[in-house]
Every structure is written in C-alpha cells, then in structure tokens.
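Visitor: I have a new model on my screen and would enjoy a guided walk through it. Could you take my questions one by one?

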Amino acid sequence: MITQIKDVPNNVVAFRSNGEVTKDDFDIVRHEVDSLVNRTGKLNYLLYLDNSPKDFTAGAWLQDALLGLENITKWNRAAIITDIEGVQKFTDGFSKVMPGEFRGFPKDDYSHAVDWVSERTDI
C-alpha cells in the first residue's frame, strides 16, 4: 500500500509504502505528481519505504517506471528513505542515468531528507 505523506513542504510530493504495493497504489502517486509538476514545473519526490522492494508487484514496478519516463525532464530531486543499504546505494547511483538528483537516506535521517528534497539544503 502507498499512502501520501502530507506534512512536507508544498514543493514536494511524499509517500510511504508498506505491505504489498500494486499497480493500483500508483493512482494517488500519479495524481499528486501530475499536480506538483503542473504547479511548479519540476518534481521533488520523497518515498519512505516501510517495506522491501520485494513487496512491489510486477505491475507496481511497471507503473513506477512509466511514472519516471513520463516525467523524465521534470525530475529535480528524489529522496528514498530506507534502512536497506543496497537501496540507498542504488538510489545514489541513479543520478548517473536519470536527470535530476537522487539520494538514499536512512530512516533516522527523515528530517534531513525532507530538507534536502525540498531544496532547503544542498547537504
């Protein structure tokens, strides 16, 4: 399941995933991403993983990929928050193949991740 995190700056869309994530969970993601991009012209995206990438169905991965491609020129900053080091490292490397900046953060660094993704800080 994906739920929206609402207590973030208005130039960010943020979500929490837990349990099984299916393609239908991306309806809210797509709506909120479209709204932010239409309002600001760029995409600052935060995902807090309370589960594992293994919990995403094939349909969910496809929707995630389509979302990324549809907004490929709009990505500005993306923060993935998880305690899975491999996901953090993968996220950090994603900046090499996609426009924008991508960073992985541990869960105890949530506030810093929000500040970074909202462009309050470069660190």
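Guide: Gladly! A word to begin with: two strands pair if DSSP finds at least two bridges between them. Please keep in mind that this is a predicted model.

Visitor: With that in hand, in what order do the strands of the open sheet run?

Guide: The sheet is open and has five strands, with mixed pairing. From one strand to the next, the twist averages 20 degrees. The order of the strands is E1-E2-E3-E4-E5.

Visitor: Which strands stand at the edges of this sheet?

Guide: An edge strand has a single partner strand, so one side of it is left without a neighbour in the sheet. That describes two strands here, residues 2–5 and residues 101–105. They are E1 and E5.

Visitor: In which sense do E1 and E2 pair, parallel or antiparallel?

Guide: Four bridges link E1 and E2. The sense of the E1 and E2 pairing is antiparallel.

Visitor: And how many bridges join E2 to E3?

Guide: E2 and E3 run parallel. Valine 13 has tyrosine 45 in E3 as its bridge partner. Together with helix H1 (residues 26–40), these two strands make a right-handed β-α-β unit. The number of bridges joining E2 to E3 is five.

Visitor: Why is E2 described as largely enclosed by the rest of the structure?

Guide: Strand E2 covers residues 13–17. A residue counts as buried when its relative accessible area is under 20%. E2 is largely enclosed because, of its five residues, the number buried is four.

Visitor: Moving along, which residue of E4 stands opposite leucine 46?

Guide: E3 pairs with strand E4 (residues 75–81) in the parallel sense, over six bridges. Tyrosine 45 is opposite alanine 78 in E4. For leucine 46, the residue opposite is alanine 79.

Visitor: How many residues of E4 are buried?

Guide: E4 also pairs with E5, in the parallel sense and over five bridges. In that pairing, isoleucine 80 is opposite glycine 104 in E5. As for burial, E4 is mostly covered, and the count of buried residues is seven of seven.

Visitor: Which helix makes a right-handed β-α-β unit with E4 and E5?

Guide: The unit begins with E4 and ends with E5. The helix between them in this unit is H3.

Visitor: Which helix packs on the sheet and touches E1, E3, E4 and E5?

Guide: The helix in question has a direction that makes about 175 degrees with that of E4. Its residues are 110–117. This is helix H4.

Visitor: Is asparagine 51 buried or exposed?

Guide: Asparagine 51 sits in the loop between strand E3 (43–49) and helix H2 (58–70). Its side chain makes a polar contact of 2.8 Å with that of serine 17. A polar atom of the asparagine 51 side chain also lies 2.8 Å from the backbone oxygen of glycine 19. With a relative accessibility of 9%, asparagine 51 is buried.

Visitor: How far apart are the C-alpha atoms of aspartate 25 and proline 53?

Guide: Aspartate 25 lies in the loop between E2 and H1, and with a relative accessible area of 17% it counts as buried. Along the chain, aspartate 25 and proline 53 are 28 residues apart. Their C-alpha atoms are separated by 14 Å.

Visitor: One last stop: does threonine 121 count as buried or partly exposed?

Guide: Threonine 121 is in the segment after H4. Leaving aside neighbours within four places in sequence, threonine 121 contacts Arg77, His112, Asp115 and Trp116. Its relative accessibility is 22%, so threonine 121 counts as partly exposed.

Key
Residues numbered from 1 in each chain as written. Predicted model: local features only at pLDDT ≥ 70, side-chain atom pairs only at ≥ 80, totals over all residues. Heavy atoms only, no water. Buried < 20%, exposed > 50% of the residue type's maximum accessible area, 1.4 Å probe, protein only. Polar contact = N/O pair within 3.5 Å; in protein donor to acceptor, adjacent residues only side chain to side chain. Axes fitted to C-alpha atoms, helices over the stretch in contact; angles between N-to-C directions. Contact = heavy atoms within 4.5 Å. Right-handed = clockwise from strand over helix to strand, strands pointing away.
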